Amino acid sequence: MLNAARTTIKNTGLSIQNQFFYLQNFITSPRTMGTLMPSSPWLCHAMLSQIDWATTLDIAELGAADGVLTRRILSRMRADAKLEAFEIQPAFVRKLNQLEDRRLQVMAHSAEHMRTDYDAVFSCLPLLSMPVRTSMKILQKTQQQLKSKDGVLVLFQYSQMSEKLLSRYFTWKKIRVVRNFPPAIVYICKPR
């Protein structure tokens, strides 16, 4: 497990300062943070490989943190696409606002208040750490805001315990990503 963490740190180029930043935010708010480390490149790749970037124009990211996945989404997006990144931690909102890309809009409030229709939604939210009512509202809102039955929610979790909750709103398939600390499960979800 420690070797996986070391590999993640080495391959993501994390500095000690960035590691401390994540740890500090986790200690401050473990229910909304959900992890001690940012997503590995392998986890990000597994998530981003699930959609057709040629046709995806309207995208949301829930729980954008400091922008590890956000930057990778922006690198794959078309020039005419747009990304709304939802984040409630003020320190992370400040970091996201430093990303200079006209296609990015940082939403400094809960994903419960999504108002746009999306082709794809990426979620890094810790569903099991949050109050059940909040998780349900966000999943229901995501289901409603996906543009069509072709819309997709791609999220990761660290356990299978959220599958019953996901099944209320989505049909899904999953893939495991072991090259992450901790290992993660990516869910590819279609609205019911």
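Which residue forms a salt bridge with glutamate 112? The partner is lysine 137, with the closest N and O atoms 4.0 Å apart. The legends below describe this pair and other close-up views.

The model is predicted: local features need pLDDT of at least 70, side-chain atom pairs count only at pLDDT 80 or more, and totals for chains, interfaces and linings use all residues. Residues are numbered from 1 along each chain as its sequence is written, and side-chain values use heavy atoms, with hydrogens and water left out.

**Figure 1. Overall composition of the protein.** The protein has 8 helices and 7 strands; helices (H or I, at least four residues) and strands (E, at least two) are DSSP runs, numbered from the N terminus. Of its 192 residues, 52% count as buried, where buried means under 20% relative accessible area, exposed over 50%, and partly exposed in between (1.4 Å probe, protein chains only). A contact requires heavy atoms within 4.5 Å. Among contacts between residues at least 6 apart in sequence, 69% join residues at least 24 apart.

**Figure 2. The salt bridge between glutamate 112 and lysine 137.** A salt bridge is a side-chain nitrogen of Lys or Arg within 4 Å of a carboxyl oxygen of Asp or Glu. In this pair the closest N and O atoms are 4.0 Å apart. The pair links distant parts of the chain, 25 residues apart: glutamate 112 is in the loop between β3 (104–107) and β4 (120–123), and lysine 137 is in helix α7 (residues 132–145). Glutamate 112 is partly exposed, its relative accessible area being 23%. Lysine 137 also counts as partly exposed, at 42% relative accessibility.

Figure 3. The search of the whole structure finds 7 salt bridges. In one of them, the side chains of aspartate 58 and lysine 82 meet at 3.5 Å, N to O. Aspartate 58 belongs to strand β1 (residues 58–62) and lysine 82 to strand β2 (residues 82–86), so the pair ties together parts that are 24 residues apart in sequence. Aspartate 58 is buried, with a relative accessible area of 13%, whereas lysine 82 is partly exposed at 36% relative accessibility. Asp58 and Lys82 are linked with Asp119 and Lys147 in a network of salt bridges.

**Figure 4. The salt bridge between arginine 78 and aspartate 80.** The closest N and O atoms of this pair are 2.7 Å apart. Arginine 78 is partly exposed, with a relative accessible area of 31%.

**Figure 5. Packing of helix α4 against helix α5.** Two packed helices are described by the angle between their axes and the distance between the axes. The axes of α4 (residues 41–48) and α5 (residues 68–76) come within 10 Å and cross at roughly 45°. This angle makes α4 oblique to α5; angles under 35 degrees count as roughly parallel, over 145 as roughly antiparallel, 65 to 115 as roughly perpendicular and the rest as oblique. Axes are lines fitted to C-alpha atoms, for helices over the stretch in contact, and angles run from 0 to 180 degrees between N-to-C directions. On the α4 side the contact is made by Pro41, Cys44, His45, Met47 and Leu48, and on the α5 side by Val68, Leu69, Arg72, Ile73 and Arg76. By class, the contact has 7 nonpolar, 1 polar and 2 charged residues; Ala, Val, Leu, Ile, Met, Phe, Trp, Tyr, Cys and Pro count as nonpolar, Asp, Glu, Lys and Arg as charged, and the others, Gly among them, as polar.

Figure 6. Alanine 65 is found in the loop between β1 and α5. Its phi is near 50°, a positive value in a residue other than glycine. Alanine 65 is buried, with a relative accessible area of 14%. Elsewhere, a cis peptide bond joins phenylalanine 181 and proline 182, with omega about -10°. Proline 182 is placed in the loop between β6 (170–177) and β7 (184–191).

Figure 7. Lysine 174 lies in strand β6 and is partly exposed, at 30% relative accessibility. The C-alpha atoms of lysine 174 and tyrosine 187 are separated by 4.5 Å, while the residues are 13 apart along the chain. Not counting residues up to four places away in sequence, lysine 174 touches Gln160, Glu163, Ile185, Val186 and Tyr187. Glutamine 50 lies in the loop between α4 and β1 and is partly exposed, at 25% relative accessibility. With residues up to four places away in sequence not counted, glutamine 50 touches Val154, Ile175 and Ile188. Glutamine 50 and valine 186 are 136 residues apart in sequence and 9.7 Å apart in space, C-alpha to C-alpha.
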